[in-house]
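Grab the viewer and work through these exercises with me. Each one sets a task and then walks through a solution.

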Amino acid sequence: MSESVTTEKRDGVVVRFAGDSGDGMQLTGDRFTEISAVLGNDLATFPDYPAEIRAPAGTLAGVSAFQVHISDHEISTHGDSPNVLVAMNPAGLKANIAVMERGTTLIVNIDAFDERSLTKAGYTLSPLSDGSLSDFDVYEVPMTSITQEVCKDAGVKPRDAERSKNFFALGLVSWLFTRPIESTVKWIDARFGAKPQIAEANTRAFRAGYDFGETAELFQSRYEITAAEFKEGEYVNISGNTALSWGLIAASRQANLPLFLGSYPITPASDILHELSKRKEFGVRTFQAEDEIAGVGAALGAAFGGSLAVTTTSGPGLDLKAEMIGLAVSLELPLIIVDVQRAGPSTGLPTKTEQSDLLQALNGRHGESPVPVIAAMTPSQCFDAAIEAARIAVTYRTPVILLSDAYLANGSEPWLLPDVSKLPTIDANFATTTNAIADDGTPEFYPFKRDETTLVRPWAPPGLEGLEHRIGGLEKADGGGNVSYDGANHERMTQIRRARIEGIADSIPLTKVEDPSGEAKVCVVGWGSTYGALNAGVERVRATGHKAAHIHLTHLYPLPKDLGSMLKGYDSILVPELNLGQLSVILRSEFLVDAQSLSKVRGLPFKAAEIEDALMAMLEGSS
Amino acid sequence: MSTTAVPITTRKDWSSDQEVRWCPGCGDYSILSALQMLMPELGVRREKTVFVSGIGCASRFPYYMNTYGMHSIHGRAPAIATGLSVTRPDLDVWVVCGDGDALSIGGNHLIHALRRNVRLNILMFNNQIYGLTKGQYSPTSEEGKVTKSTPFGSIDHPFNPISLAIGAEATFVARTHDMDRAHMQEVFRRAQEHNGAAFVEVYQNCNVFNDGAFAGITAKDVRSSMIISLQHGEPIRFGVENERGVIQKSDGRLEIVNVADVGVEALLVHDEHREDPGLAFALSRLSNGVHEPTPTGVFRAVERSEYGNDLNAQVHDAEAAKGPGDLAALFRSATTWTVD
């Protein structure tokens, strides 16, 4: 190592890799994350990519980025602003320079800053020479040419050699943050083993990037981020979509019901279909349907047959499933609808996150059609949320909408592996006998004869003699279940359907308030994927000496039974959401509290600073 | 699961206690009777039998069968039944739908269930009209038809359901009509025995909104000269004295001829099992409507792997190869690290 390079300790760093959609930025980011996870850092990631698979090369539209926050202490967000931006081309620089604060580090692939690429990115002058980057530490690195040089005799064509430049960037960043080499070299061999020349080129590029840091005398310092303090146990870095898939498999095991997924591919939900279709040894049956309606329809058919039935979707897919969810409400059958939310309306921003389906999940069906709604908070918590959705669906014979979103789906964090022997059990409690006596004295089966406490009806999949019954979307007579057009019966059934779902509140936890002081007069209320940013933002406010509470909801319907009385204890309530204020509307109408909305719909998650600013403004306004 | 012999049943055992509420004189009654009378002969159990329907007059069918059943959503019965059939291969799943249900709002689900070859017995009651919404034209109504929604005559070209099913490469395609119980029962029996998706078009008279739509071929006095009853392995011929027949011309087209003009040897011999659906398709095009001699019976019955069987085989193979799923191992399928 060059004499002049020092190694400094940092408590955390945010790195953003940006390049063309074809440049392998997601792979590079994933790998850097994985290396850091194994070193014991806490981490949070934010893949940020365009809807087009390969938008025109070199344009702003085609920029794909991956941001990772690694830390020596517990963190809850992917970081408001990167400390280091790696830009593989001018477009990658231009698309991301606005999020970089003064004094941060820019590492650019100088080979890509030719006139043609600059023009494509919309630069008239090179930002590297026009003085516009004078507030940054800029490192110009010839990534493409060095990569091509070291891959000359690796047996790949020059075009393929050029494609290895992301591994050069990974090598350089690995050097900069004192990450080890060996594990990545092994990983490259495993990943590209089927194409030895490509594996060789990637390895050479990776090593060249590392060596460049070591020998080029460009960098004055390297940085070390030591392991964070974690609870004892075994960890894996997990994305929301994987955690959700595994949660469904676990729920199937815990309920002793075979898992069936009916689904139609849609971004950003498709990875759940991909993951589950690989796991057939768990008895998982996946069905790629002809459309969204058939996906949920087949799932409902499987539920009638006694499976743990799931459908997955996003955005416009939820619209298409609405009628079938209404039928499931009427039939009172267990069904899990996973909605990985994305920015809408219509096709909207298919790869960008939003929380704008809440009101649709709660109300988006005709008729009085109550459906329990729950939301996952973090990538790894998607596992627990899936089990909870299954518990409610199976126990209460109801469709359940589980809300995730693009940020949770693709983002990842370390997950402490649970003890599989301690997962909650779910009791399908199938009907096994007749439950009524006909006028002529013969035993009968009444499909809508309910448990007196929970109002839950018996679930009797076909196969048992004497339990033959017909159910349908027409209103059913209370108890016997035959078609009934009687108005009084319809009113009774409507009330029962509502009461049954509201009764689920008896089985969910009371409101959990995070308020170390116990004396806060201001409360931040959020739900779903904003947990990390809200937690970090509120923490910052507390660090300035203020008192502030944070309530984060996972059950959106029914709500925790004590939520109203808890909220009434605060002078001010701030409700940050990635929509135009949907939860705040619910809190206002349910509890007559002055819930103030903080809204953001930019296809991006909240920054902790945005929460901090809004909360400080509220505190100052109320003092 | 019972391993005892299938109990002997009668029509009464298969009839639910619900009052049947179709219009008096509706063709649905004779289809219901035909099926309720047939079920005891099929060697199946009531508790292993499920009827799934969509929305429409025909779709009230499950309420009248004393089996498991679901009256679902307009057009979606094939999708729901697919999920049930593939996860419960032990069940005998019937789908009952109408022409609007199966070919208009649910056309997509029908063709996909057929091409996948899901084990389903699909009975499509075709009355060429919307009944439950009181008389609008349907996707099988003839061009020019005057209805409540087409006061100047329909300008829609109709589907030929048999052509559509064969085009979707259905493995079993048949047609029958509500005036001939024995024929219905024979076709339903064949459909139930078929291992895969069986599609049966049943010409069904709607005596309120489209009365006599099929009388031109199904009325007793014209039937023998207007219905071409397909019999596997037999020359295709019809008529009061079997005087007419079907030949295939050198360019592939089918044509109706007088047997006396060509000789019996020249007649096309019906082959349900031909892999190539081309000839079955040509047979489905023989008639341009129910004013011309029209084939009934089984157009096509071929073997192809059944979807649910294949799906379950993949699951069983994975279980056999990897052993039953182990959650703790699944969690460790990605790189893990331990904190002490």
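Below come the ground rules, then the exercises with their solutions.

This is a predicted model, in which local features need pLDDT of at least 70, side-chain atom pairs count only at pLDDT 80 or more, and totals for chains, interfaces and linings use all residues. Residues are numbered from 1 along each chain as its sequence is written, chains are lettered from A and ligands numbered from 1 in the order in which they are written, and side-chain values use heavy atoms, with hydrogens and water left out.

**Exercise 1. Describe how helices H4 and H6 of chain A meet.**

Step 1: find the elements. H4 covers residues 143-150 and H6 residues 165-176 of chain A; helices (H or I, at least four residues) and strands (E, at least two) are DSSP runs, numbered from the N terminus.

Step 2: get the geometry. The two axes come within 9 Å and cross at roughly 105 degrees. Axes here are lines fitted to C-alpha atoms, for helices over the stretch in contact, and angles run from 0 to 180 degrees between N-to-C directions.

Step 3: name the arrangement. That angle makes H4(A) roughly perpendicular to H6(A) (under 35 degrees is roughly parallel, over 145 roughly antiparallel, 65 to 115 roughly perpendicular, the rest oblique).

Step 4: list who touches. H4(A) brings A:Met143, A:Thr144, A:Ile146 and A:Thr147, while H6(A) brings A:Lys165, A:Phe168 and A:Ala169; contact means heavy atoms within 4.5 Å.

**Exercise 2. Size up the interface of chain A and chain B, and find a salt bridge across it.**

Step 1: count residues. 71 residues of chain A are in contact with 60 residues of chain B.

Step 2: take the area. The chains bury about 5,500 Å² between them, with 63% of it on carbon and sulfur atoms. Buried area is the accessible area (1.4 Å probe) that two parts lose on being put together, summed over both.

Step 3: look for charge pairs. The rule finds 4 salt bridges across the interface, a salt bridge being a side-chain nitrogen of Lys or Arg within 4 Å of a carboxyl oxygen of Asp or Glu. A:Glu468 forms a salt bridge with B:Arg46, and their closest N and O atoms are 3.9 Å apart.

**Exercise 3. Which parts of chain A does the A:Asp478 and A:Arg492 pair tie together?**

Step 1: check the pair. A:Asp478 forms a salt bridge with A:Arg492, with closest N and O atoms 3.1 Å apart.

Step 2: A:Asp478 sits in the loop between strand S19 (470-472) and helix H16 (487-502), and A:Arg492 in helix H16, so the pair ties together parts that are 14 residues apart in sequence.
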